[in-house]
Each structure stands twice: as structure tokens, then as C-alpha cells.
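Here is a short briefing for a first look at a protein model. Please view the sequence and the structure before reading on.

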Amino acid sequence: MEVRGGKTHAPRPGLPSGDPGAPAPRDEAAMVCKPGELKSIFPTVVLARRLDSILPMNGRLHEIVLEREKIDPGLGASNVGGWHSQGDLMNWDYPEIRALMRECFEAGRDMTQATLPPGVDGDIRLRFNGGCWANLLRDGGYNTVHNHAAAVWSGCYYVSLGDPDPQPNYNGWIEFQDPRPANIHSHKEKVRPEAGLLLLFPGWLNHYVNPFRGRGERISIAFNFDVEVVPRKMQAADLRAFTQGSPVG
Ligand SMILES: [Fe+2]
């Protein structure tokens, strides 16, 4: 195990954080435990996917958010400063929004498929729970620590980063907190936003955004998904129940 600052730090896969404080990947040959001795339990998964087909649309998405800011007073949520749209972004009538929604749904299906428990299989169906909204931060704006525990997955797509000042460190970065209390291995996972990057993570995972210091607008589009896995042999009846909003299974 790597020891750093008097604590042991379990190695972790690299999110695209560029965090200079992150531990180096573990050299498997240096492991001191025998095969089968170590088991990872209760892992926390975060998907980081670059949406190459959406990235060229970011300029237009930026314009759309600024247009909507002029007509929508927004609402107060975890944001301090800035602007948080109503949660109806998924219904905004723009082709760029529809294209982004398709990519978000595909990522949600992929993440669900990749994390299904053994023996569980079926058609994966997603629906919004808590909607979809734009976050706009200007100089000094930030998001306090929060989660979206009513949803299975929460997502965040980065439209624009503004022109952040070089200091302070982690300016405008999103940080995820280890939710396990009294965990001596705990750390915060810091992720540097990148235009075109989609993050998808469990809704229960606490997160916040460091104050954005700089010029321009830091814009992200966030959403919450519920998930149903419809067993194939029950599809017809369950699909009817699902579309009528009734519990499935
Ligand atoms: Fe959030």
C-alpha cells in the first residue's frame, strides 16, 4: 500500500482530474497481498465520458442557456450566486438539447448495464427524476455540498468553463466526498471540468463545486435519472405499468 502523509491511500482509477495530488497508479507487481486475499466491497462508480458528437454544439448550447436566463428567473438550489434554471431543460425545443439528451440516456443505459448485479438482466429503461437543468456560475459562484439521493444516477455535462483564474487551486472543480463516515482512507475526488465531458455518478454521492473565480460563464447541464430493469419475460405487462407510472416488479 502506498503511504502518503501518514495515511494509507488505496489507489484509484484516474478520472480526468489532472489532480497533481492524486496517488500514482499501483504497480500490480508490488502488491503484498496474495491473490484472492483482497476484495473491494461497496465500490463507488463514476462514469467520465467525452461526448465528441456534442462538443461542437457547445457554443450553441452556451447561447441557449444565456437566452433562457433572460426569461427564466431560475430557482435556488445548491447554487450560491449564478443561475439555476427550472428543471425542464429536457423539454427545451432545440436540436442541440435533444442531441445531448440522447447521449445522456445512452450513457445512463451503459452505466446501468455495466453495474447490474450478477443474475439481473433485462431491458434498461430510464426516466428523469428531478428533471434536467442548467447551472451557470459567474465569478464567485459555487455549489454547496449536496446529493440527489432520490435518483439512481445523477449526471453533469460541461458546456463551457469560462476563463478561470490560475488561482486558487481547484478553481471551479467539482469534488466528490467519500460518503462513508469515519473512513480513515477517505479523500475527496477532485475532477477538473472539461468542455464536452459528461460525468455520471450515483445520486447518493455527495458533491459540490468550488467557487469559480474568473471571467465569463461556467455552464453545466445536470440531470437525475431513475432506472428500471424490466425482466424480459415480464416486459409487456411491466412496460404498460412503467409507461403509466406504476411501480414495476
Ligand atoms: Fe448536484
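Residues are numbered from 1 along each chain as its sequence is written.

**Confidence**
- The protein chain averages a pLDDT of 85 (pLDDT is the predictor's confidence in each residue, from 0 to 100).
- A pLDDT of at least 70 is reached by 81% of the residues.
- Residues 1-14 stay under 50.
- Where pLDDT is low, the predicted coordinates should not be read in detail.

**The sheet**
- Helices (H or I, at least four residues) and strands (E, at least two) are DSSP runs, numbered from the N terminus.
- Six strands form an open antiparallel sheet, in the order E3-E11-E8-E13-E6-E5. Two strands pair if DSSP finds at least two bridges between them.
- The edge strands are E3 (47-50) and E5 (83-84), and each pairs on one side only.
- E8 and E11 are antiparallel and share five bridges. Ser-154 stands opposite Phe-201 in E11.
- E8 and E13 also run antiparallel, joined by ten bridges. Leu-161 has Arg-218 in E13 as its bridge partner.
- E8 is mostly covered, with nine of its twelve residues buried (buried: 20 or more other C-beta atoms within 10 Å of its own; exposed: 12 or fewer; partly exposed: in between; C-beta atoms are placed from the backbone).

**The core**
- The largest nonpolar core has 40 residues. Such a core is a set of buried Ala, Val, Leu, Ile, Met, Phe, Trp, Tyr and Cys residues joined through C-beta atoms within 7 Å.
- Tyr-157, Leu-198 and Ile-221 touch the most other members.
- Elements giving two or more residues to this core include H1 (58-71), H2 (95-115), E8 (153-164) and E13 (214-230).
- Tyr-157 has Leu-198 in E11 as its bridge partner.
- Beyond four places in sequence, the contacts of Tyr-157 include Leu-51, Leu-100, Cys-104 and Ile-221 (contact: C-beta atoms, placed from the backbone, within 7 Å).

**Helix H1**
- The buried residues of H1 are Asn-58, Leu-61, Ile-64 and Val-65.
- These buried residues fall within an arc of 110° seen down the axis, so they line one face of H1. The arc is that of the directions from the helix axis to the C-beta atoms.
- The buried residues of H1 pack against H2, E6, E8 and E13.
- On the other side of H1, Glu-67, Lys-70 and Ile-71 are exposed.

Methods. Predicted model: local features only at pLDDT ≥ 70, side-chain atom pairs only at ≥ 80, totals over all residues. Contact = placed C-beta atoms within 7 Å.
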